[in-house]
Amino acid sequence: MPRPTDLHFTSQGLRCAGTLMRPPRVKRPPLIIMAHGFAAERGFRLPAFAERFVAIGFAVFLFDYRNFGGSEGEPRHWVDPWRHHEDWRAALAFMQARDDIDRERIVLWGSSFSGGHVLQIASERPRIAAVISQVPHVDGLATLRQMPLKQVIQGTVAGVRDTLGRLVGRPHYVPVVGRPGSFAAMTTPETYDGWFAIVPEDSQWQNRVLGRAFLGVPLYSPIRRAHRIEVPTLIIAGSDDSITPPAAARKAAAKIPDAEFHCLSTNHFQPYVGEAFEVNIDLQIDFLQRRVLKAP
C-alpha cells in the first residue's frame, strides 16, 4: 500500500492538517473524508477504518479540526460544532478541487460528534455521493438527558467560567473523560477505558477541553435537518451506548429518505476495536460497495 501523504488546507485563515491515503494503481478513486468526534484527533483508530476502505478501492482523507492535533489554532482543544462545520466545508472544497480523485463519488464519514457533523453538512446538499455516521450525536437534549444533574450543573459553571475567562485571555479547561463520579465531559462506565483504547500509545494528546463546549453541545441537534439529506446514508448505533442514545440515532435515520440503520450490541466505543469493529466495518464496506462503487 502506498505511503500516506500529509496535506494541508485552510479553514477560516488557519491551516488544518490532513492525511491522504490512496489505493495503488487507481488513477481517480472515489474518496472518503473522515474526521473524529468530540475532542479527538485523526490518529485515534480512524486509520484502521481507512486502511479497510483503501483496500476496496477508495482514497481516504483524514483531517484534524482547527485547534486540535496537527492543525493550527489557539486556544487548543476547542470543541465547537459550528467551527467544526466550517472545517468540514473547507476540507470538502479542498478535495473537490483535486483532479486525482473521483469528485462525483465523495463520501462523508463521521463518528460520535462528527457523526452528527456529516449529517448536518449533508443536509446542506453539497455534491457528495453518500454518508456514513456511526454512534452519532444527533440530538443535544437527548444526550443531555443521559447526564447526571450534578454533571450538568458543573458543566454549566465550567462553561460560564471559560466564557468569562475568554474575555481576559484565561481559558478554563476541564477533562474530556473521567471515571464515574468524577467531573469530566464524559464519565459513563464505558468512557475512560473505551476512550484510551483508541488513543495511540505515542500520542501527545491531552485529556482536556475548553469549558465552553458544555454550553454548545445541548444546542446542537443535527436531527432537525435530517429530512433534507438526499444521498444514501448509513447510520450505525450501539444498543448499550450511554453517550449518544441509539433511540435518537434511529429517529434521525427514519427522517432521511434513503437511510439504512443498524444497531449493534455494543456500547459507544466498542465499534472501534476488536470483534465489534469487524462487524461494524463489514457493514460499512457492504454499504459502500452497494451504494457507491456499484451505483450507476
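At what angle do the axes of helix 1 and helix 9 cross, and within what distance do they come?

1. **Helix 1 against helix 9.** This is a predicted model. The two axes cross at roughly 40° and come within 11 Å. Angles under 35 degrees would count as roughly parallel, and 65 to 115 as roughly perpendicular. Helix 1 is therefore oblique to helix 9. The crossing is right-handed.

2. **Who makes that contact.** Helix 1 contributes Ala48, Phe49, Arg52 and Phe53. From helix 9 come Phe277, Glu278, Asn280, Ile281, Gln284, Ile285 and Leu288. By class, the contact of helix 1 with helix 9 holds 7 nonpolar, 2 polar and 2 charged residues.

3. **Burial along helix 1.** Helix 1 spans residues 46-55. Its buried residues are Leu46, Ala48, Phe49, Ala50, Phe53 and Val54. Helix 9 (274-293) is part of what covers them. The cover also includes strand 2 (14-21), strand 3 (31-35), strand 4 (59-63), strand 5 (106-111) and strand 6 (130-134). After the helix comes glycine 57, with a positive phi near 110°.

4. **Strand 4.** This strand is mostly covered, with 5 of its 5 residues buried. Ala59, Phe61 and Phe63 lie on one side. Val60 and Leu62 lie on the other, and both faces are covered. With strand 2, strand 4 pairs in the antiparallel sense over 4 bridges. With strand 3, strand 4 pairs in the parallel sense, again over 4 bridges.

5. **Phenylalanine 61 as a reference point.** Leucine 20 has phenylalanine 61 as its bridge partner in strand 4. Isoleucine 33 stands opposite phenylalanine 61 as well. Phe61 is itself buried, on the side of strand 4 that also holds Ala59 and Phe63.

6. **Strand 9.** Strand 9 covers residues 233-238. Of its 6 residues, 6 are buried, so the strand is largely enclosed by the rest of the structure. Thr233, Ile235 and Ala237 point one way. Leu234, Ile236 and Gly238 point the other way.

7. **Neighbours of strand 9.** Strand 6 pairs with strand 9 in the parallel sense over 4 bridges. Here isoleucine 132 has leucine 234 as its bridge partner. Strand 10 (residues 259-264) also pairs with strand 9 in the parallel sense, over 6 bridges. On this side, isoleucine 235 stands opposite phenylalanine 261.

8. **Helix 2 against helix 3.** Helix 2 (residues 81-96) packs on helix 3 (residues 113-123) at an angle of about 60°. The axes are 10 Å apart. Roughly perpendicular would need 65 to 115 degrees. Helix 2 is therefore oblique to helix 3. Helix 2 passes helix 3 in a right-handed crossing.

9. **Who makes the second contact.** Helix 2 supplies Pro81, His84, His85, Trp88 and Arg89. Helix 3 supplies Phe113, Ser114, His117, Val118, Gln120 and Ile121. The class count for the contact of helix 2 with helix 3 is 5 nonpolar, 5 polar and 1 charged.

How values were computed:
Residues are numbered from 1 along each chain as its sequence is written. This is a predicted model: local features need pLDDT of at least 70, side-chain atom pairs count only at pLDDT 80 or more; totals for chains, interfaces and linings use all residues. Side-chain values use heavy atoms; hydrogens and water are left out. Axes are lines fitted to C-alpha atoms, for helices over the stretch in contact, and angles run from 0 to 180 degrees between N-to-C directions. Helices (H or I, at least four residues) and strands (E, at least two) are DSSP runs, numbered from the N terminus. Angles under 35 degrees count as roughly parallel, over 145 as roughly antiparallel, 65 to 115 as roughly perpendicular and the rest as oblique. A crossing is left-handed if the near helix is turned anticlockwise from the far one by less than a right angle, and right-handed if clockwise. Contact means heavy atoms within 4.5 Å. Ala, Val, Leu, Ile, Met, Phe, Trp, Tyr, Cys and Pro count as nonpolar, Asp, Glu, Lys and Arg as charged, and the others, Gly among them, as polar. Buried means under 20% relative accessible area, exposed over 50%, partly exposed in between (1.4 Å probe, protein chains only). Two strands pair if DSSP finds at least two bridges between them.
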